[in-house]
Amino acid sequence: MKLLRKPAGRHGLVHHVTPEDAGWSHVGFDLWRLEPGEVAEGHTGGNEAILVIVEGKARIAGAGQDWGEMGGRTDVFEKTPPHCLYLPDGSDWRAEAATPLTLAVCLAPGKGGHPARRIGPQGISLTQRGQGANTRFINNIAMENDDYCDSLLVTEVFTPDGNWSSYPPHRHDEDDFPRMTHLEETYYHRLNPAQGYGIQRVFTDDGSLDETMAVQNHDVVLVPRGHHPCGVPYGYEMYYLNVMAGPIRKWRYENHPDHDWIWQRDNP
């Protein structure tokens with residue numbers, strides 16, 4: 001499996017990750033980059049979806065409703081809450097760009113358990129996680145405490161320059177609730193300034209998977225299993241959009257045993 005996915009250009013559908021392509025069972029991820037007047041559209045099929053307006057504004061229709069113009073921030077690094085739309089399985093959708101638009105489509109198996117609804121910007125607030133060089137800031141879009149979805153877990157993370165994130169290294173690759181849940185995961189990365197880069201390592205305890213990647217603006221990283229910390233050099237800040245899904249909609253993880261002491265020290 002190729003874990004680091006480069007965008008297919010700068011315009012149109014630049015990422016299209018399916019379970020078949022990724023070699024797993026749950027998570028799909030599409031990314032559209034459009035100019036004003038251009039249209040992205042699709043049908044969710046057996047999946048539910050969360051449309052995340054990463055940047056720009058769009059006129060959105062989905063699940064038989066006209067949702068009007070959605071979106072706000074022109075640059076993701078404004079760090080304001082995103083405008084999002086949840087769509088159940090079996091939904092058609094259409095987005096017409098009103099401004100330059102970056103639109104993420106987060107996908108996972110749907111069960112018909114939740115109606116279409118707006119998510120954010122109300123109810124989403126930027127919150128700090130970690131401390132020191134492990135400080136990052138979170139916009140939770142649809143995590144476990146939000147009963148919006150059947151399968152999807154979606155969040156945004158902003159990592160200041162020189163800091164680490166998804167750290168200490170942790171994994172969620174065993175279906176053993178409540179100790180741990182099996183969640184596939186994608187990271188959609190952005191850098192500020194845009195010419196920057198970050199580092200992400202994906203590795204298992206037994207070393208059967210161990211890849212360290214330099215991630216650039218608009219790259220996607222797949223995390224099928226193992227630990228998956230990332231960091232960003234001095235002078236640059238990192239954003240990523242996480243999409244997770246698995247057999248149950250719970251986020252339970254374990255820190256790497258060699259590095260758990262950091263979490264224990266910081267959370268006495």
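In the predicted model, E35 touches H11, A97, T99 and P100, not counting residues up to four places away in sequence, where contact means heavy atoms within 4.5 Å. The C-alpha atoms of E35 and H11 are separated by 8.2 Å, although the two residues are 24 residues apart along the chain. E35 belongs to the loop between strand 3 (28-34) and strand 4 (39-43); helices (H or I, at least four residues) and strands (E, at least two) are DSSP runs, numbered from the N terminus. E35 counts as partly exposed because its relative accessibility is 42%, the classes being buried under 20% relative accessible area, exposed over 50% and partly exposed in between (1.4 Å probe, protein chains only). Residues are numbered from 1 along each chain as its sequence is written, and side-chain values use heavy atoms, with hydrogens and water left out. As the model is predicted, local features need pLDDT of at least 70 and side-chain atom pairs count only at pLDDT 80 or more, whereas totals for chains, interfaces and linings use all residues.

N134 is buried, because its relative accessible area is 11%. Beyond residues up to four places away in sequence, N134 touches R129, N163, W164, S165, Y167 and P168. A polar atom of the N134 side chain lies 3.0 Å from the backbone oxygen of Y167, a polar contact being a pair of N or O atoms within 3.5 Å; within protein, one must be able to donate a hydrogen and the other to accept it, and residues adjacent in sequence count only if both atoms are side-chain atoms.

Strands 12 and 13 form a hairpin with 6 residues between them, and G130 in the turn has a positive phi of about 80°. The two strands run antiparallel and are joined by 3 bridges; two strands pair if DSSP finds at least two bridges between them. T127 has I138 of strand 13 as its bridge partner. Strand 13 also pairs with strand 14 (residues 153-159), in the antiparallel sense and over 5 bridges, with N139 opposite E156 of strand 14. Strand 13 is largely enclosed by the rest of the structure, because 5 of its 7 residues are buried.

Elsewhere, 4 strands form an open antiparallel sheet in the order 15-23-20-21. Its edge strands, each pairing on one side only, are strand 15 (164-165) and strand 21 (210-215). Strand 20 (residues 198-203) and strand 23 (residues 230-231) run antiparallel and are joined by 2 bridges; I199 has G231 in strand 23 as its bridge partner.

The largest nonpolar core has 49 residues, of which F29, I50, V52, C106, I119, I141 and L241 touch the most other members. Such a core is a set of buried Ala, Val, Leu, Ile, Met, Phe, Trp, Tyr and Cys residues joined through side-chain atoms within 4.5 Å. Strand 24 (residues 237-245) gives the largest share of this core, 6 residues. Another core, of 20 residues, lies apart from it and includes I60, M70, W93 and V105. With residues up to four places away in sequence not counted, the contacts of I141 include I50, V52, I119 and L241.
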